[in-house]
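User: Please examine the following structure and answer a series of questions on its architecture.

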Amino acid sequence: MSKHGPRRSGARTVPVPLLVPALAGLAFLLLPLVALLVRAPWRDLPDQLTSPEVWQALRLSLLCATSATVLSLVVGVPLAWLLARTEFPGRGFVRALVTLPLVLPPVVGGVALLLAFGRNGVVGQWLDAWFGITLPFTTTGVVLAETFVAMPFLVISVEGTLRAADPRFEEAATTLGASRFTAFRRVTLPLIAPGIAAGAVLAWARALGEFGATITFAGNFPGRTQTMPLAVYLALQNDPAAAIALSLVLLAVSIAVLAGLRDRWMRAS
Amino acid sequence: MTGRAKASGGPDEGDMNDTGGPATGAGRTVPAREPAVTEPPGGRCPDGGLDARLVVDRGTFRLDVTLTAAPGDVVALLGPNGAGKTTALRALAGLVPLGGGHLRLDGTDLDRTPPESRPVGVVFQDYLLFPHLSALDNVAFGPRCRGASKAQARALAAGWLDRMGLAEHAGAKPRRLSGGQAQRVALARALATHPRLLLLDEPLAALDARTRLEVRAQLRRHLAEFEAVAVLVTHDPLDAMVLADRLVVVEHGRVVQEGAPGDIARRPRTDYIARLVGLNLYRGHADGHTVRLDAGPAITTTENLSGAVFVAFPPSAVTLYGERPEGASARNLWRCEVAGLEPHGDQIRADLTGELPLAADLTTVAAAELGLHPGAPVWATVKATQTHAYPA
């Protein structure tokens, strides 16, 4: 292949030992997506997609993923600031703990959530006894499971942006009479907004696709805890065509997110 | 044949030679190893102005600098890179905690006051204008933080921008401003909180040479109008001498000399300052008109002194000969060797080693006639009347 048509001036040819595996890897990533498109029941698609079950699952997925992202922002951005801008004993350890859900199998996360917030869990039993709050197998449980898995993406992204941002802007704000919180709110936050947005999109995408922790902690109840990935899995058992249709919807959402990322934020960071 | 070449006059901006001035009436100077400062020329003001001893420990580096200034004073901290000037400034602003000493401003102790509560304004080296805010909102930021309403703060900021001649740039984001404009916005931002102490960190360093000239003149005007204490940090002696009433020279975390710019230029006390102002400086022991240098030969001077002294003379006072001048007295005549040559303004500066290491200025023509090149032997002489000796 490289012998064929030497590229201009011949200096920039790609070595075969690199080119072949690279193309194989690319094909491996693309083929399943192509297969999804090839085998899609295009004729039945309008019927599939307008069924109330699909809309219910999609609506629930979007609602839960968005809620999980908002929750991640509310606690994740301050956590990222703490990790990036303060010194405290054991900070490295805390940082490792925050990133643990990134590598933890989501099912294990679901089991851990059950043990913490389940009806008989470490915290859950008191929530039930004192406030009558039950989290597992509820829509709130879905949000919690998704937050648990998705928040580390946000924290890591925001912390990286904070570390890259010049802390002297905060100092300048301080000399102008701003408290540390005012400096954060009025100077740092606008400066790291692109990083926060990128982290939020990553977290949102991760939450949207969440399966293992959700099904373990929140179960699979249509209309209440059955998000799109769960619906796809269930449909695959008895109605493969529906599973493909649902998958196409998720694929479309993912591509839209990616396009948004590239145009708006990837370039900024 | 005896080649002779006399450096032509034309002092450049660095050469401030005192020709035969009497050794009296000089600014207060401090011995290099004794930074304890007592009385500045302005007089210490117990109630007004700045009274500080800044001690900061940073591992192997220790800053111990005493600074006093009356309201209206502009003090320049001058020193080489790494001398601790910026650390001193940050300590004044409260961005670095004091490891010792004290800090009083207008009679109020600020040692334990957090930076946001100090009546201190800072112009940072690269300005640090908030990139997401317009020039107007940058200037309004301080008043807003100190309790003004949004409308009040903006009105105040508009007034400051107008004073700086930047009214038409009020809506511009910092990246749209030129270096000089950004510098003025930064100054307006610092002044808008009505600080009692204005700190400027290398205020002209980020500007190119042409803008610098213009901005320096403007800054000088604004500093002259400022009624409280201003402290600026710079490594550029010209900036320091143009902008400040008083120089405090800092080396290795210590004050090595302070006084009026002219006095420091005439009577440098360290090699660093001597190089800055373009003088050859030696330390020695005087006995009448003869000063025996600590390292090397003796120099004959016009001053009649005894004890430890400094002797200084400008490179332009040095005359070079290719061979030992006939009939010349042996006084102030040294055998040297050319170590290096470099252009200096419209002249050549020769760096000499040998009996007495020194710098000499001469014209290009003279350098050619003498056939100067690195390694060439030369004889250097200086007239006693061109030297200046003063007590160390």
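The questions below concern a sheet, the domains, a chain interface and the nonpolar cores of this predicted model.

User: Which strands of the open three-stranded sheet in chain B stand at its edges, and why?
Analyst: The strand order in this sheet of chain B is E12-E13-E19, with antiparallel pairing. An edge strand has a single partner, so one side of that strand is left without a neighbour in the sheet. In chain B this applies to strand E12 (280-293) and strand E19 (388-391).

User: How many bridges join E12(B) to E13(B)?
Analyst: Strand E13 of chain B covers residues 298-313 and runs antiparallel to E12(B). Within this pairing, Tyr282(B) has Val311(B) of E13(B) opposite. The number of bridges joining E12(B) to E13(B) is 12.

User: By what angle are neighbouring strands of the sheet E12-E13-E19 (chain B) turned against each other on average?
Analyst: The sheet in question is the open one of three strands, E12-E13-E19, in chain B.

User: How far apart are the C-alpha centres of domain 1 and domain 2 of chain B?
Analyst: The domain assignment places domain 1 of chain B at 50-273 and domain 2 at 278-391. Their contact takes four residues from domain 1 and five residues from domain 2. On the side of domain 1 that touches domain 2, one residue is nonpolar, none is polar and three are charged. The C-alpha centres of the two domains are separated by 39 Å.

User: Which helix gives the most to the side of chain A that touches chain B?
Analyst: The contact involves 14 residues of chain A and 17 residues of chain B. By class, the chain A side has seven nonpolar, five polar and two charged residues. Helix H8 (168-175) and helix H9 (180-191) of chain A each supply at least two residues of that side. The most, six residues, comes from H8(A).

User: Which residues have the most contacts inside the largest nonpolar core?
Analyst: The largest nonpolar core has 126 residues, and at least three residues come from each of domain 1 and domain 2 of chain B. Beyond its neighbours within four places in sequence, Leu92(B) is in contact with residues including Leu54(B), Val120(B), Leu199(B) and Val231(B). The residues with the most contacts inside this core are Leu92(B) and Val231(B).

User: How many residues are in the second, separate core?
Analyst: This core includes Val77(A), Leu114(A), Ile196(A) and Ile244(A). The number of residues in the second, separate core is 49.

Conventions
Residues are numbered from 1 along each chain as its sequence is written. Chains are lettered from A and ligands numbered from 1 in the order in which they are written. This is a predicted model: local features need pLDDT of at least 70, side-chain atom pairs count only at pLDDT 80 or more; totals for chains, interfaces and linings use all residues. Two strands pair if DSSP finds at least two bridges between them. Helices (H or I, at least four residues) and strands (E, at least two) are DSSP runs, numbered from the N terminus. Domain bounds come from an automatic or database domain assignment. Two residues are in contact if their C-beta atoms, placed from the backbone, lie within 7 Å. Ala, Val, Leu, Ile, Met, Phe, Trp, Tyr, Cys and Pro count as nonpolar, Asp, Glu, Lys and Arg as charged, and the others, Gly among them, as polar. A nonpolar core is a set of buried Ala, Val, Leu, Ile, Met, Phe, Trp, Tyr and Cys residues joined through C-beta atoms within 7 Å. A residue is buried if 20 or more other C-beta atoms lie within 10 Å of its own, exposed if 12 or fewer, and partly exposed in between; C-beta atoms are placed from the backbone.
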